[in-house]
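Colleague: Before I use this model, I would like to know what stands behind the words in its description. Could we go through them one at a time?

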Amino acid sequence: MDQSTLDQEIAVEQRHLDRVYARLAELRRAAVRAERDGYRLARVGNFGALVERDAMVFHAAQRRHLLDAEYEGLVFGRLDLRDGQVLYVGRLGIRDEDASTLVVDWRAPAAAAFYRATPAEPLGVVRRRTIQSSRERVTRIEDDLLDPEAAPAEMPVVGDGALLATLSRATGRGMRDIVATIQREQDEAIRSPGSGVTIVSGGPGTGKTAVALHRAAYLLYADRSRYAGGGILVVGPSSVFVGYIASVLPSLGEDDTATLHSLGSLFPGMAATRTDPPEVAAIKGSLRMRRVLERAARDAVPDSPVELRLLYRGQLLRLERTELDAIRERALPRGARRNEVRRAGFDGVLAALWAQARRLGIAGLPEQRAFEDELIDRTDFRDFLKAWWPRLHPRHVLGWLAYPDRLRRYTNGLLSGAETRLLAQAYQTLAEQGPSVADVALLDELDALLGKPMRPARKKRDPFQLAGGVRELSTAADRQRAARQAARERPEDYRDYAHVVVDESQDVSPMQWRMIGRRGRLASWTVVGDPAQTAWTGDEQELARARDQALGRRRRHRFTLTTNYRNSAEIFAVAAAEIRRTYPDLALPTAVRTTGVDPVQLAVPAAELESRVVAAARALLDEVEGTVGVITPVPRRDEVAGWLGGLGSERLQVVTSLEAKGMEYDGVVLVAPGEIRAEPGAGVRTLYVALSRATQRLTTVDPTS
């Protein structure tokens, strides 16, 4: 196609885009007018007018926010149908003043053919066009001719096909928004039934993460009251990954309905990024740890009083360790939660002291209630109770695992001697380094075992109450707005999500499935992953049981993605050869794009590793427009980051082989692949993941001895 034809087609789309943005401006002005008119209703002076005003203002402001949020890249697709109709597809549905459709919302059924149509099943689509724009200007178009026999002779076809053209361009730091390039197998998963569990499996580059996030946006469109009301939880493997995907849902118009967490931040107050060696992570992730934690949660507090001695009316009242332990055990039957039965423990101590006082025949002994009140008024007695049975936070009890003698008691009969020694070694650094990612699930388990401390109910603060009892002047709209905001705010440990998305699910341990499951008891689920990329080295049957328990008996909808859109065929051939040396029968996806550029594989003397890595990173920054990832073995991450600090490029990111899970870069420098391969357990699979992160260029730098 010559340049003049391309220019003409861009001009055609520009005219339509001009109409859309003109209409968008009108709608925005109308929303502003409605908001302003709503405030004027207050002049009527009655309560009904105030309520009507508040409703008008709220909905008008909400509409204005939506129109503003979808401004960039509003229209991205066009369908020329066999019946002569033309449909434009975009982020937001827009009609003109005569109610004719200017843009179809991408989530609407009418837009499904944009994603599902293929040359084998064109679904009435003759030509599918992808439109790229910057602000209000069309910058690029790409066509797929799906039904050549139905195409008019004069119909032009531009470009090499939308998907492959998109994949050839730079990704930017955040995850690419692939709304315009979702293919049929992905779209079927996105639009699967909202109830039950949608399970999406597929190899590297098949778009699993994009499917999961676009499915969340689709569910919000299809049943907003259900999913926005309950909220959507998205769980990813690492904080790096969560930062990577953070812009996707806002770009789809869903900026306040989803909560994103890594496995290391799902428990309130935690932001763990440290990872354990695979053999330690397998122990911490095992369901046997639940029994270990049960024993810990029932044990005496370290350094707590071993006896109680009180002088009462000239007589010594005394409870020894065996008696105190017996009281604690009676107050804490199996299944009880320690923080919630604390009062029962106190009552047990008081009852034992009362019985002892009666046996001693103390002169003038009051009735039991008065006796207990006397003791409770004593500071020394209250101090004893607080030290003997304090309110416990999960971090307190997790810290008890750092005591070798306690750990041996807790693990006796549950873990082998070698496993106990590995745990003991790992927990020696807990106080200094803080919990690891695997520990966060243990903290959540302890939270369930300990329960919440019983505290008096707190009266909710009036947001309009100022200091000194003065109440701020407020309107009905102000108060209703505050009430709506309070209703939308969820507690930090919210657990009633309507939908849960689990990405890179193959790396979720049994204990982590228990943690996620507590937040999805009422939810439908989307679970995406690839067994070939798993880093889990523990019991597979135990893992399956924990996953099934979390997902419950909900109906499963299974989808498999088979096409690798991310990697060039040249890059994926290297990754596939690596994994097939160990797992020859794995079903791997097919890479559909070629660049003619083979990966660069360097073996260098160990003394030259730093200079060669820096040179390789600098070269890729020059060769690609987008991001460059430098992937390292876990122990080398900080060292390599120090080498590259002088490059000072915002396009450069250094991540470990584990943090690279789910990530995508235009160029990758993979440092010491041999060291990653040699890691015990999942080393080969982890290397397979690292080798499949690049879209355009891959350089491996391996030190030789």
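Modeller: What follows takes some of those words in turn, for a model that is predicted.

Colleague: Why is Arg-406 called buried?

Modeller: Its relative accessibility is 9%, and buried means under 20%, so Arg-406 counts as buried. Arg-406 sits in helix 17, residues 404–411. Leaving aside residues up to four places away in sequence, Arg-406 touches Asp-299, Ala-300, Val-301, Pro-302 and Trp-400.

Colleague: How far apart are Arg-406 and Asp-299 in sequence and in space?

Modeller: They are separated by 107 residues in sequence and by 9.1 Å from C-alpha to C-alpha. Arg-406 and Asp-299 are still listed as touching, because contact is judged on heavy atoms within 4.5 Å.

Colleague: What makes the buried residues of helix 26 line one face?

Modeller: In helix 26, residues 637–644, the buried residues are Val-640, Trp-643 and Leu-644. Viewed down the helix axis, they fall within an arc of 90°, so they line one face. Asp-638 and Gly-642 are exposed on the other side of helix 26.

Colleague: Why are strand 10 and strand 11 said to pair?

Modeller: Pairing needs at least two bridges, and 5 bridges join strand 10 (residues 308–312) to strand 11 (residues 315–319), so they pair; they run antiparallel. Leu-310 has Leu-317 in strand 11 as its bridge partner. The hairpin has 2 residues between the strands, and Arg-313 takes a positive phi near 55° there.

Colleague: How do you know that strand 12 and strand 13 pair?

Modeller: Strand 12 (residues 499–502) and strand 13 (residues 524–529) are joined by 4 bridges, against a requirement of at least two, so they pair; they run parallel. Val-502 stands opposite Val-527 in strand 13. Both strands belong to an open sheet of 6 strands in the order 9-8-12-13-7-14, with parallel pairing.

Colleague: What makes strand 9 and strand 14 the edge strands?

Modeller: Strand 9 (258–262) and strand 14 (556–561) each pair on one side only. From one strand to the next, the twist averages 15°. Helix 23 (residues 540–551) lies across strand 7 (197–202), strand 13 and strand 14, at about 150° to strand 13.

Colleague: Which residues does Leu-398 touch?

Modeller: Not counting residues up to four places away in sequence, Leu-398 touches Tyr-427, Leu-430, Asp-439, Leu-442, Leu-443 and Leu-446.

Note on methods:
Residues are numbered from 1 along each chain as its sequence is written. This is a predicted model: local features need pLDDT of at least 70, side-chain atom pairs count only at pLDDT 80 or more; totals for chains, interfaces and linings use all residues. Side-chain values use heavy atoms; hydrogens and water are left out. Buried means under 20% relative accessible area, exposed over 50%, partly exposed in between (1.4 Å probe, protein chains only). The arc is that of the directions from the helix axis to the C-beta atoms. Axes are lines fitted to C-alpha atoms, for helices over the stretch in contact, and angles run from 0 to 180 degrees between N-to-C directions.
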